[in-house]
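User: Hi! I'm new to reading protein structures. Could you walk me through this one?

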Amino acid sequence: VQLVESGGGLVQAGGSLRLSCAASGSAFTINVMGWYRQAPGKQRELVATIGSGGGSTNYADSVKGRFTISRDNAKDTMYLQMNSLKPEDTAVYYCNAKFLTDRGSLYYWGQGTQVTVSS
């Protein structure tokens, strides 16, 4: 199983970026997916999660109203639209996916993509 993030980069404060997370290598159903981030010297934190059907979403208070999580199940891909970016959003962003297998639920992480917001 592979989760590959893309779309990170350097942007000025107030700008936008769209992250993607593409899953491959598994025939099992992907259940909940989520975005997490880790800034230098800080613990990894939840940014947003989305249910299997896409209708159930959850956001960290710090990103509510600015970030939007979505997914395209036909493409096994999840997105994070980030608007009104702030310097404090600077971090490595990781995607996470819960797979429903015949051995139970398995969780996988992507390798991360760097987002840097300059002031």
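User: Is C95 buried or exposed?
Analyst: C95 counts as buried, at 0% relative accessibility. Buried means under 20% relative accessible area, exposed means over 50%, and partly exposed is in between, with a 1.4 Å probe and protein chains only. Before we go on: this is a predicted model, where local features need pLDDT of at least 70 and side-chain atom pairs count only at pLDDT 80 or more, while totals for chains, interfaces and linings use all residues. Residues are numbered from 1 along each chain as its sequence is written, and side-chain values use heavy atoms, with hydrogens and water left out.

User: Thanks! Which residue forms a disulfide with C95?
Analyst: That is C21, and the two sulfur atoms are 2.1 Å apart. A disulfide here is a pair of cysteine sulfur atoms within 2.5 Å. C21 lies in strand β3 (residues 17-24) and C95 in strand β9, so the pair ties together parts that are 74 residues apart in sequence. Strands (E, at least two residues) and helices (H or I, at least four) are DSSP runs, numbered from the N terminus. C21 is buried too, at 0% relative accessibility.

User: What is the handedness of that link?
Analyst: The link of C21 and C95 is right-handed, with 55 degrees about the S-S bond.

User: And how many disulfides are there in the whole structure?
Analyst: A search of the whole structure finds 1 disulfide.

User: New topic: where is R37?
Analyst: R37 is in strand β4, and R37 is buried, with a relative accessible area of 6%.

User: Which side chains does the R37 side chain make polar contacts with?
Analyst: One is the side chain of D89, at 2.9 Å, and another is that of S62, at 3.4 Å. A polar contact is a pair of N or O atoms within 3.5 Å; within protein, one must be able to donate a hydrogen and the other to accept it, and residues adjacent in sequence count only if both atoms are side-chain atoms.

User: What about Y36, is that buried or partly exposed?
Analyst: Y36 counts as partly exposed, at 22% relative accessibility. Y36 lies in strand β4 (residues 29-38). Leaving out residues up to four places away in sequence, Y36 touches several residues, including L46, Y94 and W109. Contact means heavy atoms within 4.5 Å.

User: Let's look at T101. Where does T101 lie?
Analyst: T101 lies in strand β9 (residues 91-101) and is buried, with a relative accessible area of 15%. The T101 side chain reaches the backbone nitrogen of R103 at 3.0 Å, and a polar atom of that side chain lies 2.7 Å from the backbone oxygen of G104. Setting aside neighbours within four places in sequence, T101 is in contact with F28 and L106.

User: What is the phi of D76?
Analyst: Phi of D76 is near 50 degrees, a positive value in a residue other than glycine. D76 sits in the loop between β7 (67-72) and β8 (77-82), and is partly exposed, with a relative accessible area of 33%.

User: And S84, which loop is that in?
Analyst: S84 lies in the loop between β8 and β9. Phi of S84 is near 50 degrees as well, and S84 is partly exposed at 41% relative accessible area.
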